[in-house]
Amino acid sequence: MTTKTAVFEKIEQEISSLRTDTISEKRKETLQPLTEFIQGKVDHGKEIRLNFICTHNSRRSHLSQVWAQTMAAYFNIKNVYCYSGGTEATALFPMAATTLANSGFQVNTIFQGENPIYAIKYAENAYPIMGFSKTFDDDFNPESEFAAILTCSQADEGCPFIAGAEKRIPITYEDPKAFDNTPQQAEKYRERSLQIAIELLYVFSNIKA
């Protein structure tokens with residue numbers, strides 16, 4: 001049985017409350033290629049690079065990147081490196097960062113400006129995830145041997161070819177941006193974050209190390 005890595009207590013509680021039995025069979029089929037990609041890399045002792053891509057690299061791709069890295073650590077799956085990018089660079093939307101903080105992540109702003117940089121930690125001794133908006137082919141991201149996970153339909157349709165991607169996996173999510181500046185904003189961002197967390201919990205819980 002895989003040993004679980006200690007994450008911050010509040011994140012541990014959040015993960016423990018997630019129910020993967022709420023995932024539909026159709027959605028499980030959508031997630032299966034990602035599970036297979038990760039398992040294949042584990043079986044051959046290779047590094048696992050996951051680049052989550054959406055249009056603006058501002059919300060869904062960051063939530064996916066952070067939760068994927070966290071779940072990999074939680075299930076002690078080694079050599080997992082998670083990235084995110086967009087078809088264009090904008091900024092990591094503040095509510096996305098706040099949503100992660102509310103789930104127990106340590107989120108520190110290390111650079112202010114039009115495209116701020118956040119250091120996001122899920123465990124005391126974990127290297128922080130650097131959260132900022134960038135294009136999927138930015139120098140910060142891998143050049144080859146990675147899975148490109150398309151988290152929005154616009155990016156999926158707008159990126160018919162992603163250079164260096166070993167596999168292309170569409171796993172799209174509704175954009176919480178639709179609720180910006182409404183009374184439902186915080187609720188909808190949390191809803192989307194938890195959906196992503198549940199699905200990535202399902203994926204990594206099925207990996208045999």
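1. Contact here means heavy atoms within 4.5 Å. With that understood, and bearing in mind that this is a predicted model, lysine 188 is in contact with Pro176 and Phe179 once its neighbours within four places in sequence are left aside. The residue has its place in helix α6, and lysine 188 counts as buried because its relative accessible area of 17% falls under the 20% cut-off.

2. Helix α6, which spans residues 185-205, packs with helix α2, residues 25-43, at an angle of about 50 degrees, and the axes of the two helices are 9 Å apart. That angle makes α2 oblique to α6, and the crossing in which α2 passes α6 is right-handed.

3. On the α2 side, the contact is made by Arg27, Lys28, Leu31, Leu34, Thr35 and Ile38, while α6 contributes Gln195, Glu199, Leu200, Tyr202, Val203 and Phe204. Sorted by class, the contact of α2 with α6 has seven nonpolar residues, along with three charged and two polar ones.

4. A separate point concerns glutamine 13, which is found in helix α1, residues 9-17.

Notes:
Residues are numbered from 1 along each chain as its sequence is written. This is a predicted model: local features need pLDDT of at least 70, side-chain atom pairs count only at pLDDT 80 or more; totals for chains, interfaces and linings use all residues. Side-chain values use heavy atoms; hydrogens and water are left out. Axes are lines fitted to C-alpha atoms, for helices over the stretch in contact, and angles run from 0 to 180 degrees between N-to-C directions. Helices (H or I, at least four residues) and strands (E, at least two) are DSSP runs, numbered from the N terminus. Angles under 35 degrees count as roughly parallel, over 145 as roughly antiparallel, 65 to 115 as roughly perpendicular and the rest as oblique. A crossing is left-handed if the near helix is turned anticlockwise from the far one by less than a right angle, and right-handed if clockwise. Ala, Val, Leu, Ile, Met, Phe, Trp, Tyr, Cys and Pro count as nonpolar, Asp, Glu, Lys and Arg as charged, and the others, Gly among them, as polar. Buried means under 20% relative accessible area, exposed over 50%, partly exposed in between (1.4 Å probe, protein chains only).
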